[in-house]
Amino acid sequence: MSSPSGLTIAVPRGALFKDTVDLLAGLGMDTEELRENDRKLLFEEIGVITMRPSDVPTYVEAGAADVGITGKDVLLEQGGRASDHGEGGREVYELLDLGYGRCTMVLASKRGPDPAVEALRRLGVMRVATKYPRIAARHLEETGRQAEIVEVKGSVELAPLTGMVEAIVDLTATGTTLQENNLVVREELMVCTARLIANPVAHKLKAARIDELLERLRGLPAASVG
Amino acid sequence: MIYPIPSGTRDVLPQETGEVRAITDTLRAAFDGHRYGEIYTPALEYESVLARADMAEAQPAYRVFDESGAVLALRSDMTVPIARVVATRYASSEPPLRFCYFAHCYRGVRPQRGQLRELLQAGIELIGAPAPQGTAEALTVLCHSLDAVGLKDYRVGMGDASLFPALMVSLQVREPVRHGLLQALVRRDFVELGQRLHDAGLEGEAAELLLEVPQRRGGSEVLADVSASAAEAVMGLRDVHQLLEPAVAERVIFDLGLVRNIGYYTGAVFEVYDPALGARIGGGGRYDELLGRFGRQLPAVGFALDVDQLHQALAGEERGTGLLLARPAGEQVA
């Protein structure tokens, strides 16, 4: 597969999709078909493959894409800690903070007296529902709290409302969904934005093309390069 | 009834064994041609012996007790056992010493990404040959071996383990900040590296260099203006490169951000890439202080190839369908 940039780019469907396509359009790519056809996965003429955000590191690490765009939340969830990198972490280069897709990873619980605090005091352990079990476990461990992590796939907000857990760890952009479900943010863990990642071999063997892409991305007004 | 085998291990059947055997036979002949003698060491070693080396992230992962209660570990590479052999069995031999090996090593990696927990390594160790000549010889053997097995498009990334630390010192990065910066680089997270530089209050030219230099890779032009800040490392890379015969030199890509995840490397480090495979095929480097930990102070250099990855790269090149081969026709890899 070839493309104007000479690179295969993994593009995330979902919340980051629109901004990512705008970014590619800003680079002068013809993104019309990409916008219109949401069933097609492979856009050979522009060197783009589309997938869910959490699959982007997988395809990039394997070299099925040279570079990719995904959220920092995905990278943190799939990455290891500093001490177990190489065993847990994905082997990808993280090259650029693209600035968009800004969300905050929060710990939230039901409005009123914090049920998580009471659970910790009386039972010694809090139950936490999340789609990010590794991030949640790491945060609670680092803050010295015992927790039982309950991994859910769908709407995390449901879990504390049914009494299954006392708190959730989830990503929020505006906080509206939390509010509507009578949940309040208790702690902010980290801010997550879209990142450009690269396959380690492509980073060496296609160095000129990747550097050119970086240069052009840095030149775009949309990317607030950190 | 299916009887499982441990995660990260596998059975190798006759067709594949035959292909792998052809590769290892060719490598063995190539190593032998450069007068490297093949050795075997036990797969199990005393944990306390292996622990003398700083393995960082390639620590032995599997341990057992013997009947006397001693802790044994499955070796995670062959470099450390060979360092032990040299210090004990060759304690008074005149260097340089040349060894090669074909051996299974064991690592606690997370399987599923083509990484095995039991991996077959083929490699050499050149002991008692300092930089730059020793490094140049190792690179020459590496390239001759890969040429012999018929791998066509491979490249060798070469950096220096001391380069980034030297850069930090010469740009007066405060001691407590250095570890975090190096960790970000080891994780290949340049966004975090930038953030940490910013958080440490580093600005201007120093911060720019610390972020930009480790992202440089390419021909000798990337060495251009770092010589002042990391003079020794850059001189070392130049010296090695000048000693290489043209066919080997043109395989080399300088990579100023190259850091290996094994702690004992001291100088030049290298990794082998092929466009037919998304992961590295092997790597190596100088480990001038490791032998000293076993009681015989000798400079040394070596490399190890992951035979299964090499096999996959060869198959990928043959089919012409390697993942990263995708590129406009007739165009050279940058």
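Two residues are in contact here if their C-beta atoms, placed from the backbone, lie within 7 Å. With that in hand, welcome to a predicted model, where B:E19, B:V20, B:I23 and B:T24 in α1(B) meet B:V307, B:L310 and B:H311 in α12(B).

**A helix pair in chain B**
- Helix α1 covers residues 14-33 of chain B, and its partner α12 covers residues 307-319.
- The two helices pack at an angle of about 105°, and their axes are 10 Å apart.
- Angles of 65 to 115 degrees count as roughly perpendicular, so α1(B) is roughly perpendicular to α12(B).
- By residue type, the contact of α1(B) with α12(B) divides into 4 nonpolar, 2 polar and 1 charged.

**Chain B overall**
- Chain B holds 12 helices and 12 strands.
- Its radius of gyration is 20 Å, close to the 20 Å that the globule rule gives for 334 residues, so chain B is as compact as a globular protein of that length.
- Buried residues make up 46% of the 334 in chain B.
- Take the contacts in chain B between residues at least 6 apart in sequence: 71% of them join residues at least 24 apart.

**Nonpolar cores**
- The largest nonpolar core has 133 residues, and those touching the most other members are A:V60, A:V67, A:A198, B:A83, B:I124, B:V156 and B:L291.
- Helix α4 (residues 133-149) of chain B gives this core its largest share, 8 residues.
- Beyond residues up to four places away in sequence, A:V60 touches A:A10, A:A65, A:V67, A:G68, A:V92, A:I197, A:A198 and A:N199.
- There is also a second, separate core of 26 residues, with A:A116, A:A119, A:V128 and A:I135 among them.

**A:V106, a strand residue of chain A**
- You will find A:V106 in strand β6 (residues 103-110) of chain A.
- A residue is buried if 20 or more other C-beta atoms lie within 10 Å of its own; A:V106 has 21, so it is buried.
- Setting aside neighbours within four places in sequence, A:V106 is in contact with A:D170, A:T172, A:V185, A:E187, A:E188 and A:L189.
- A:V106 and A:R186 are 80 residues apart in sequence, yet their C-alpha atoms are 7.3 Å apart in space.

**Cis peptide bonds in chain B**
- The bond from B:P95 to B:P96 is cis, with omega near 0°, and B:P96 sits in the loop between α3 (79-89) and β5 (97-106) of chain B.
- Another cis peptide bond joins B:A131 and B:P132, with omega about 0°; B:P132 belongs to the loop between β6 (118-127) and α4 of chain B.

**Positive phi outside glycine**
- B:R35 is not a glycine but has a positive phi near 65°.
- This arginine lies in the loop between α1 and β1 (37-38) of chain B, and B:R35 counts as exposed, with 9 C-beta neighbours inside 10 Å.
- B:Q172, also not a glycine, has a positive phi of about 60°.
- The loop between α5 (163-170) and α6 (175-186) of chain B holds B:Q172, which is exposed, with 8 other C-beta atoms within 10 Å.

How values were computed. Residues numbered from 1 in each chain as written. Chains lettered and ligands numbered in written order. Predicted model: local features only at pLDDT ≥ 70, side-chain atom pairs only at ≥ 80, totals over all residues. Helix = DSSP H or I, 4+ residues; strand = E, 2+ residues; numbered from the N terminus. Rg over C-alpha atoms; globule rule 2.2 N^0.38 Å. Buried ≥ 20, exposed ≤ 12 C-beta atoms within 10 Å, placed from the backbone. Core = buried A, V, L, I, M, F, W, Y, C linked by C-beta atoms within 7 Å. Axes fitted to C-alpha atoms, helices over the stretch in contact; angles between N-to-C directions. Parallel < 35°, antiparallel > 145°, perpendicular 65-115°, else oblique. Nonpolar A, V, L, I, M, F, W, Y, C, P; charged D, E, K, R; others polar.
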